[in-house]
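Visitor: Please show me the model, and then let us go through it by question and answer.

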Amino acid sequence: MDNSDMFPKTTREMIEKKASLAPQNIEAWRNFSKTVFQAGALDEKTKQLIAVAVAHVTQCPYCIRAHTPQAMRKGASEEEIMEAIWVAAEMRAGAAYAHASLAVEEMEKHKH
């Protein structure tokens, strides 16, 4: 199976079909999304850099494809985007290592 089978291309028809299946939900979600990404205590560029980083941790190809160019439109450089991705990678790796404490604790409990 190639990626086109796993991650269908986003088309206007697909967007409209999904929206038509739950129109109130999509309207609420779009309003929420619009509000979240507006400048506030954080500027729009920073919010998009956060979104790029989170998209890499959640491994959402659609989010990566959507927020990377958005970050660039908001003024993020390629270096800033890559640095945000590296922060996400460190956090993901750090979380895996931190959670090793759970495994160590279980190993201690179940020693023969």
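**Cysteines, rings and a pocket**

Visitor: How many disulfides does a search of the whole structure find?
Guide: This is a predicted model, in which local features need pLDDT of at least 70 and side-chain atom pairs count only at pLDDT 80 or more, while totals for chains, interfaces and linings use all residues. Residues are numbered from 1 along each chain as its sequence is written, and side-chain values use heavy atoms, with hydrogens and water left out. A disulfide is taken as a pair of cysteine sulfur atoms within 2.5 Å. With that criterion, the number found in the whole structure is zero.

Visitor: Is C60 buried or exposed?
Guide: Buried means under 20% relative accessible area, exposed over 50%, and partly exposed in between, with a 1.4 Å probe and protein chains only. C63, at 30%, is partly exposed. C60 has a relative accessible area of 19%, so C60 counts as buried.

Visitor: Which residues form the aromatic pair?
Guide: The structure holds one aromatic pair, where rings of Phe, Tyr and Trp (its six-membered ring) pair if their centres lie within 6.5 Å, and planes under 30 degrees apart count as stacked, over 60 as edge-to-face and the rest as tilted. Its centres are 6.2 Å apart with 80° between the planes, which is edge-to-face, and the partners are F7 and Y62.

Visitor: Where in the chain do F7 and Y62 lie?
Guide: F7 is partly exposed at 33% relative accessible area, and Y62 is partly exposed at 37%. The pair links distant parts of the chain, 55 residues apart, with F7 in the loop between α1 and α2 and Y62 in helix α5.

Visitor: Which helix supplies the largest share of the lining of the largest pocket?
Guide: On a 1 Å grid over the protein atoms alone, a pocket is an open set of points where a 1.4 Å probe fits, with protein on both sides within 12 Å along at least five of seven lines, and lining residues have an atom within 4 Å of a point. The largest pocket is lined by 32 residues, of which W29, Y62, C63, A66 and H67 lie nearest its centre. Helices here are DSSP runs (H or I, at least four residues), numbered from the N terminus. The largest share, eight residues, comes from α5.

Visitor: What is the phi of Q59?
Guide: Q59 sits in the loop between α4 and α5 and is exposed, with a relative accessible area of 62%. Its phi is positive in a residue other than glycine, near 55°.

Key: Helix = DSSP H or I, 4+ residues; strand = E, 2+ residues; numbered from the N terminus.
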